[in-house]
Amino acid sequence: MATLKLLISESQIQECVGRLAKLVQADYQAQPLLVVGVLHGSFVFLSDLIRHMHLPIQVDFVRLSSYRRSTKSSGTVRLHHGIRTSVVCKNVLVIEDIVDSGQTLTTIIDMLSARQPRTVEVVTLLNKEIRREANITARWIGFEIEDRFVVGYGMDLDHRYRNLPYIA
(Lines give C-alpha, C1' and ligand atoms only; values in the text may rest on other atoms or scores of the structure.)
Protein backbone atom coordinates (compact mmCIF):
# COMPACT_ATOMS: atom_id res chain seq x y z
CA MET A 1 0.00 0.00 0.00
CA ALA A 2 1.29 3.46 -0.86
CA THR A 3 1.96 5.95 1.91
CA LEU A 4 -1.13 8.10 2.28
CA LYS A 5 -1.32 11.53 3.89
CA LEU A 6 -4.37 12.13 6.09
CA LEU A 7 -6.35 15.14 4.85
CA ILE A 8 -9.72 14.82 6.61
CA SER A 9 -10.18 12.59 9.65
CA GLU A 10 -13.04 10.20 10.29
CA SER A 11 -14.37 12.41 13.10
CA GLN A 12 -14.25 15.52 10.90
CA ILE A 13 -16.17 13.69 8.19
CA GLN A 14 -18.84 12.44 10.58
CA GLU A 15 -19.35 15.91 12.10
CA CYS A 16 -19.67 17.35 8.60
CA VAL A 17 -22.14 14.66 7.47
CA GLY A 18 -24.37 15.41 10.47
CA ARG A 19 -24.24 19.15 9.74
CA LEU A 20 -25.06 18.67 6.05
CA ALA A 21 -27.96 16.35 6.87
CA LYS A 22 -29.47 18.98 9.18
CA LEU A 23 -29.16 21.66 6.48
CA VAL A 24 -30.78 19.47 3.82
CA GLN A 25 -33.53 18.34 6.19
CA ALA A 26 -34.29 21.93 7.23
CA ASP A 27 -34.76 22.97 3.60
CA TYR A 28 -36.99 20.03 2.65
CA GLN A 29 -38.73 19.71 6.01
CA ALA A 30 -41.21 16.81 5.70
CA GLN A 31 -41.29 16.77 1.88
CA PRO A 32 -40.47 13.51 0.09
CA LEU A 33 -37.00 13.41 -1.41
CA LEU A 34 -35.50 11.30 -4.18
CA VAL A 35 -31.82 10.87 -3.42
CA VAL A 36 -29.63 10.06 -6.43
CA GLY A 37 -26.17 8.80 -5.57
CA VAL A 38 -23.36 9.07 -8.07
CA LEU A 39 -21.60 5.71 -8.15
CA HIS A 40 -19.24 4.56 -7.02
CA GLY A 41 -17.59 7.26 -4.97
CA SER A 42 -20.65 8.62 -3.18
CA PHE A 43 -22.10 5.42 -1.75
CA VAL A 44 -20.47 5.73 1.70
CA PHE A 45 -21.35 9.42 2.00
CA LEU A 46 -24.92 8.75 0.81
CA SER A 47 -25.38 5.95 3.32
CA ASP A 48 -24.17 8.04 6.25
CA LEU A 49 -26.05 11.16 5.14
CA ILE A 50 -29.50 9.60 4.73
CA ARG A 51 -29.29 7.88 8.11
CA HIS A 52 -29.13 11.37 9.67
CA MET A 53 -32.17 12.66 7.76
CA HIS A 54 -35.70 12.13 9.00
CA LEU A 55 -37.53 12.59 5.71
CA PRO A 56 -39.47 10.28 3.40
CA ILE A 57 -36.58 9.21 1.15
CA GLN A 58 -36.29 7.15 -2.03
CA VAL A 59 -32.82 6.17 -3.23
CA ASP A 60 -31.56 5.55 -6.73
CA PHE A 61 -28.14 5.62 -8.36
CA VAL A 62 -26.50 6.83 -11.52
CA ARG A 63 -23.10 5.65 -12.69
CA LEU A 64 -20.90 7.79 -14.89
CA SER A 65 -17.17 7.93 -15.44
CA SER A 66 -14.59 10.39 -16.63
CA TYR A 67 -11.38 9.22 -14.93
CA ARG A 68 -10.73 5.88 -16.71
CA ARG A 69 -7.90 4.50 -14.52
CA SER A 70 -6.22 7.89 -14.10
CA THR A 71 -5.92 10.57 -11.45
CA LYS A 72 -7.02 13.23 -13.97
CA SER A 73 -10.43 13.52 -15.60
CA SER A 74 -10.51 12.69 -19.30
CA GLY A 75 -12.99 15.52 -19.86
CA THR A 76 -15.47 13.11 -21.46
CA VAL A 77 -18.34 11.85 -19.32
CA ARG A 78 -19.69 8.40 -20.08
CA LEU A 79 -23.05 7.17 -18.73
CA HIS A 80 -22.97 3.54 -17.60
CA HIS A 81 -26.21 3.33 -15.60
CA GLY A 82 -29.06 5.83 -15.41
CA ILE A 83 -31.71 6.09 -12.72
CA ARG A 84 -34.82 3.95 -12.95
CA THR A 85 -37.06 5.97 -10.64
CA SER A 86 -39.36 8.60 -12.14
CA VAL A 87 -38.33 12.12 -11.14
CA VAL A 88 -41.46 13.87 -12.46
CA CYS A 89 -42.60 16.51 -9.94
CA LYS A 90 -40.16 15.20 -7.28
CA ASN A 91 -37.53 16.95 -5.22
CA VAL A 92 -34.27 15.37 -6.33
CA LEU A 93 -31.06 15.53 -4.33
CA VAL A 94 -27.91 14.48 -6.17
CA ILE A 95 -25.26 13.19 -3.79
CA GLU A 96 -21.68 13.55 -5.01
CA ASP A 97 -18.43 12.56 -3.36
CA ILE A 98 -16.44 15.35 -5.03
CA VAL A 99 -17.16 18.14 -7.50
CA ASP A 100 -14.04 18.66 -9.58
CA SER A 101 -14.33 19.96 -13.16
CA GLY A 102 -18.13 19.95 -12.88
CA GLN A 103 -18.58 18.03 -16.14
CA THR A 104 -20.08 14.94 -14.51
CA LEU A 105 -22.42 17.02 -12.38
CA THR A 106 -23.53 19.06 -15.40
CA THR A 107 -24.34 15.84 -17.26
CA ILE A 108 -26.37 14.51 -14.34
CA ILE A 109 -28.30 17.74 -13.77
CA ASP A 110 -29.11 18.07 -17.48
CA MET A 111 -30.26 14.44 -17.60
CA LEU A 112 -32.48 14.85 -14.53
CA SER A 113 -33.84 18.29 -15.48
CA ALA A 114 -35.06 16.93 -18.82
CA ARG A 115 -37.32 14.55 -16.88
CA GLN A 116 -39.33 17.38 -15.23
CA PRO A 117 -38.47 17.15 -11.53
CA ARG A 118 -39.87 19.65 -9.07
CA THR A 119 -36.34 20.60 -7.96
CA VAL A 120 -32.79 19.34 -8.46
CA GLU A 121 -30.15 20.21 -5.86
CA VAL A 122 -26.70 18.88 -5.10
CA VAL A 123 -24.86 18.04 -1.91
CA THR A 124 -21.18 17.15 -2.13
CA LEU A 125 -18.73 16.08 0.50
CA LEU A 126 -15.77 17.67 -1.28
CA ASN A 127 -15.51 20.66 -3.58
CA LYS A 128 -12.43 21.36 -5.69
CA GLU A 129 -13.31 24.81 -7.03
CA ILE A 130 -9.85 25.38 -8.52
CA ARG A 131 -10.51 22.68 -11.15
CA ARG A 132 -13.98 23.89 -12.17
CA GLU A 133 -14.61 24.02 -15.91
CA ALA A 134 -18.42 24.06 -15.85
CA ASN A 135 -20.49 26.88 -14.40
CA ILE A 136 -21.98 24.76 -11.64
CA THR A 137 -21.87 24.48 -7.89
CA ALA A 138 -23.38 22.32 -5.20
CA ARG A 139 -25.96 23.85 -2.88
CA TRP A 140 -24.42 22.14 0.15
CA ILE A 141 -20.67 21.59 0.42
CA GLY A 142 -18.87 19.66 3.13
CA PHE A 143 -15.23 20.61 2.60
CA GLU A 144 -13.31 22.79 0.16
CA ILE A 145 -10.10 21.05 -0.87
CA GLU A 146 -7.05 22.00 -2.88
CA ASP A 147 -6.11 20.44 -6.20
CA ARG A 148 -5.10 16.97 -5.02
CA PHE A 149 -6.26 13.51 -5.94
CA VAL A 150 -7.95 12.02 -2.88
CA VAL A 151 -8.99 8.55 -1.77
CA GLY A 152 -10.97 7.04 1.08
CA TYR A 153 -14.53 7.26 2.36
CA GLY A 154 -15.82 5.70 -0.87
CA MET A 155 -13.34 7.34 -3.26
CA ASP A 156 -10.75 5.18 -4.95
CA LEU A 157 -7.67 4.86 -7.05
CA ASP A 158 -8.09 1.93 -9.42
CA HIS A 159 -10.69 0.36 -7.07
CA ARG A 160 -8.51 0.60 -3.95
CA TYR A 161 -8.89 2.62 -0.72
CA ARG A 162 -12.72 2.99 -0.81
CA ASN A 163 -12.97 1.36 2.61
CA LEU A 164 -10.84 3.92 4.45
CA PRO A 165 -12.93 5.80 7.06
CA TYR A 166 -10.98 9.01 6.37
CA ILE A 167 -9.84 10.97 3.32
CA ALA A 168 -6.19 10.86 2.29
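Student: Let's start with Asp 48. Is Asp 48 buried or exposed?

Tutor: Buried, because its relative accessibility is 12% and the cut-off for buried is under 20%. Keep in mind that this is a predicted model.

Student: Where is Asp 48 placed?

Tutor: Asp 48 sits in helix α2, which covers residues 43-52.

Student: And which side chains does the Asp 48 side chain make polar contacts with?

Tutor: One is Arg 51, with a polar contact of 2.4 Å between the two side chains. The side chain of Tyr 153 is another, at 2.6 Å.

Student: Which residues does Asp 48 touch once you skip its neighbours within four places in sequence?

Tutor: Gln 14, Val 17 and Tyr 153. So Tyr 153 turns up in the contact list as well as in a polar contact with Asp 48, if you take the WHY of burial as 12% relative accessibility.

Student: OK, new spot. How accessible is Thr 124?

Tutor: Thr 124 has 0% relative accessibility, so it counts as buried. It belongs to strand β5, residues 119-127.

Student: What does the Thr 124 side chain reach?

Tutor: The backbone oxygen of Leu 126, at 2.8 Å.

Student: And which residues beyond four places in sequence are in contact with Thr 124?

Tutor: Quite a list: Leu 20, Phe 45, Glu 96, Asp 97, Ile 98, Val 99, Ala 138, Trp 140, Ile 141 and Gly 142.

Student: Switching to charges. How many salt bridges are there?

Tutor: The count comes to 9 salt bridges. As background, side chains of opposite charge can pair when their charged atoms come close.

Student: Give me a few. What does Glu 129 pair with?

Tutor: Arg 132, with the closest N and O atoms 3.2 Å apart. Glu 129 is partly exposed, with a relative accessible area of 43%, whereas Arg 132 counts as buried at 14%.

Student: And what about Glu 146, which residue does its side chain meet in a salt bridge?

Tutor: Arg 148, at 2.7 Å from N to O. Arg 148 is partly exposed, with a relative accessible area of 31%.

Student: Which residues are linked in a network of salt bridges?

Tutor: Asp 100, Lys 128, Arg 131 and Asp 147.

Student: What about Arg 162, what's its salt-bridge partner?

Tutor: Asp 156, with the closest N and O atoms 3.1 Å apart. Arg 162 counts as buried, at 17% relative accessibility. Arg 162 is also in contact with His 40.

Student: Where is His 40 found, then?

Tutor: In the loop between β1 (33-39) and α2. At 35% relative accessibility, His 40 counts as partly exposed. Besides Arg 162, its contacts beyond four places in sequence include Arg 63 and Gly 154.

Student: How far is the His 40 C-alpha from that of Phe 61?

Tutor: They are separated by 9.1 Å, and the two residues are 21 apart along the chain.

Student: You mentioned β1. How many of its residues are buried?

Tutor: 6 of its 7, so to speak mostly covered, given that buried means under 20% relative accessible area.

Student: Which strand is β1 joined to?

Tutor: Strand β2, residues 57-65, through 7 bridges, and the two run parallel. Val 38, for instance, has Val 62 as its bridge partner in β2.

Student: Last one, zooming out. What pattern does the protein chain follow?

Tutor: Along the sequence the pattern is α-β-α-β-β-β-α-β-β, made up of 3 helices and 6 strands. Of the 168 residues, 47% count as buried.

Methods:
Residues numbered from 1 in each chain as written. Predicted model: local features only at pLDDT ≥ 70, side-chain atom pairs only at ≥ 80, totals over all residues. Heavy atoms only, no water. Helix = DSSP H or I, 4+ residues; strand = E, 2+ residues; numbered from the N terminus. Buried < 20%, exposed > 50% of the residue type's maximum accessible area, 1.4 Å probe, protein only. Polar contact = N/O pair within 3.5 Å; in protein donor to acceptor, adjacent residues only side chain to side chain. Contact = heavy atoms within 4.5 Å. Salt bridge = Lys/Arg side-chain N within 4 Å of Asp/Glu carboxyl O. Pairing = 2+ DSSP bridges.
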